[in-house]
Each structure stands twice: as structure tokens, then as C-alpha cells.
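Biologist: I have the sequence and the structure open. Could we go through them together?

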Amino acid sequence: MNIDTARARLRPVSAMDIDDLVHLDSDPEVMRFVSGGTPTPRTVIEDWVVPRAESERRMYGTGTWVLCDPATEAFLGWASLRTPRHSRRPELELSYRIRRTVWGRGLATEAAFALMAFAFDHLDTERVFASTVAGNMPSRRVMEKLGMTLSGIHVGDETVGTGMPTHPLHLGPDRYEVEYQILKTEWHRRSLRWSSASDLTA
């Protein structure tokens with residue numbers, strides 16, 4: 001299913017997008033908060049990323065959508081809705097990745113808004129959440145513009161020298177994750193004030 005926004009078209013990812021996905025993940029700035037700047041191996045994209053997205057689409061109607069320029073079909077990035085593997089709740093995880101050449105234009109917000117509308121209006125979804133490392137302020141601003149609120153801080157088994165869990169405030173901002181969420185009830189309440197996705201592109 002294609003989804004059109006004010007300035008872009010989202011279409012389901014396929015094997016034809018592998019070259020663009022590899023190129024996107026080869027930019028160290030794009031990958032800074034994902035892998036520390038390390039590119040994703042092509043084999044991972046071919047054998048895991050794309051097949052997993054296609055499986056998600058077949059099973060749940062979710063997955064990954066490629067973000068394209070509607071006039072030229074140029075690849076701009078991607079956005080996804082993923083069903084958590086170990087959750088029984090009707091929830092979806094939102095994520096997005098945009099080419100550095102189009103950063104600052106609000107395209108991540110626009111694409112994410114469109115997928116959230118799809119999740120709440122067409123799928124049996126009660127909660128959408130997204131996470132990033134605490135220092136990734138541009139991504140956090142996208143989540144906040146979407147009406148999401150901070151719902152958790154995740155340190156995992158992070159320890160510093162002592163073998164004991166460390167409070168996140170004692171770690172650098174790239175050493176722990178923050179999670180944001182929006183519930184269906186809040187989405188519909190906010191939707192009454194949002195006339196279109198173009199309101200979020202600033």
C-alpha cells in the first residue's frame with residue numbers, strides 16, 4: 001500500500017531498494033546514533049532487513065516504506081512500523097532514517113505522521129512508540145512534534161567498572177536510550193487540532 005503525504009510518497013520496500021539502503025547506511029553521519037557511524041553490511045540488508053520488512057507486510061500489513069520524491073522517484077530515506085516480537089500489546093514501533101542531503105526539511109516528521117495515522121486509523125493499534133539514544137536530539141524533536149511523550153529510559157545491563165547498574169544521568173547521552181510513546185486516545189484528541197501533515201513540516 002502506497003501512502004502519499006504533502007511532499008513525498010511512501011511505498012513498501014523491496015529488493016529494488018537495496019542499493020539505496022546500502023548507500024544510506026554508508027553515511028557515517030546518518031549512522032552516528034545507530035551504529036556509531038559503522039555502515040550496515042550489504043549482506044545484512046539483503047538477507048535480513050528487506051526480507052524482514054516484506055514478512056511484516058505479509059503478516060501484519062506493517063513493515064518498511066521507502067520515502068520517495070513524488071516527481072522524480074528519488075530515494076529520500078525510509079520509515080517503518082514494526083510489530084514487537086515479544087509483546088502481547090496492540091502496539092507498534094516507529095522508526096525512520098533520512099538521507100543527510102534532505103535533513104532539516106521536516107520529511108522525517110511528515111513520513112512518521114503518515115505512518116502513525118495509518119497505524120491508528122487502519123490497524124488495531126493502541127500504542128505507537130519510538131526510541132533513540134538520549135543524545136540524538138533531532139530524532140527526539142521529531143517524536144515531540146508528533147505529540148509523543150517520554151515514557152522510559154533504558155540502560156539495559158550497562159555497567160561502568162563496578163559491575164553494578166549505573167544511573168543514566170551518570171552516563172553520556174549516547175550511552176542510554178529514551179523511549180517516547182503516543183496512545184490512540186491521545187492521537188485522536190490531537191488529530192482534532194492537526195488539519196494535515198503539512199502543519200508539522202516546519
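Biologist: Which residues does Arg9 touch, not counting residues up to four places away in sequence?

Modeller: This is a predicted model, and in it Arg9 touches Asn2, Ile3, Asp4, Val66, Leu67, Cys68, Pro70 and Glu73, with residues up to four places away left out of the list.

Biologist: Where does Arg9 lie?

Modeller: Arg9 belongs to strand β2, which covers residues 9-12. The C-alpha atom of Arg9 is separated by 8.6 Å from that of Ala111, a residue 102 positions away along the chain.

Biologist: How is Arg9 classed, and why?

Modeller: Arg9 has a relative accessible area of 31%, so this residue is partly exposed. The class applies because the value falls between the 20% limit for buried and the 50% limit for exposed.

Biologist: You listed Glu73 as one of the residues that Arg9 touches. Where does Glu73 lie?

Modeller: Glu73 sits in the loop that runs between β3 (63-68) and β4 (75-82). Glu73 also counts as partly exposed, because its relative accessibility is 42%.

Biologist: What is the phi of Glu73?

Modeller: The phi of Glu73 is near 65°, which is a positive value in a residue other than glycine. In general, most residues other than glycine have a negative phi.

Biologist: Let us change topic to aromatic rings. How many aromatic pairs are there?

Modeller: The count comes to three aromatic pairs. In the pair of Phe113 and Trp187, the ring centres are 5.2 Å apart and the planes stand at 45°, so this pair is tilted.

Biologist: Why tilted, and not stacked or edge-to-face?

Modeller: Stacked requires planes under 30 degrees apart and edge-to-face requires over 60, so the 45° of Phe113 and Trp187 is classed as tilted.

Biologist: Which helices hold the two residues of that pair?

Modeller: Phe113 is in helix α4 (residues 107-122) and Trp187 is in helix α6 (residues 184-191). The two residues are 74 residues apart, and their pair links distant parts of the chain.

Biologist: Are Phe113 and Trp187 buried or exposed?

Modeller: Phe113 counts as buried, at 10% relative accessibility. Trp187 is buried as well, with a relative accessible area of 2%. Ring pairs also join Phe113 and Trp187 with Phe120 in a cluster.

Biologist: Now the surface. Which residues form a nonpolar patch there?

Modeller: Val44, Trp48 and Val49 form a nonpolar patch on the surface, and together they have about 240 Å² of accessible area. Val49 is found in helix α3 (residues 42-60), and its relative accessible area of 30% makes it partly exposed.

Biologist: Let me step back. What does the secondary structure of the protein come to?

Modeller: The protein has six helices and eight strands. Along the sequence they follow the pattern β-β-α-α-α-β-β-β-α-β-α-β-β-α. Of the 202 residues, 47% are buried. The protein exposes about 10,900 Å², and carbon and sulfur atoms supply 52% of that area.

Biologist: What pLDDT does the protein average?

Modeller: The average pLDDT is 87, and 85% of the residues score at least 70.

Terms used. Residues numbered from 1 in each chain as written. Predicted model: local features only at pLDDT ≥ 70, side-chain atom pairs only at ≥ 80, totals over all residues. Heavy atoms only, no water. Patch = residues over 30% accessible without salt bridge, like charges linked within 9 Å, V, L, I, M, F, W, Y side chains within 5 Å. Areas by Shrake-Rupley, 256 points an atom, 1.4 Å probe, with all protein chains shown as cover. Salt bridge = Lys/Arg side-chain N within 4 Å of Asp/Glu carboxyl O. Helix = DSSP H or I, 4+ residues; strand = E, 2+ residues; numbered from the N terminus. Buried < 20%, exposed > 50% of the residue type's maximum accessible area, 1.4 Å probe, protein only. Phe/Tyr/Trp six-rings, centres within 6.5 Å; stacked < 30°, edge-to-face > 60°. pLDDT = per-residue confidence, 0-100. Contact = heavy atoms within 4.5 Å.
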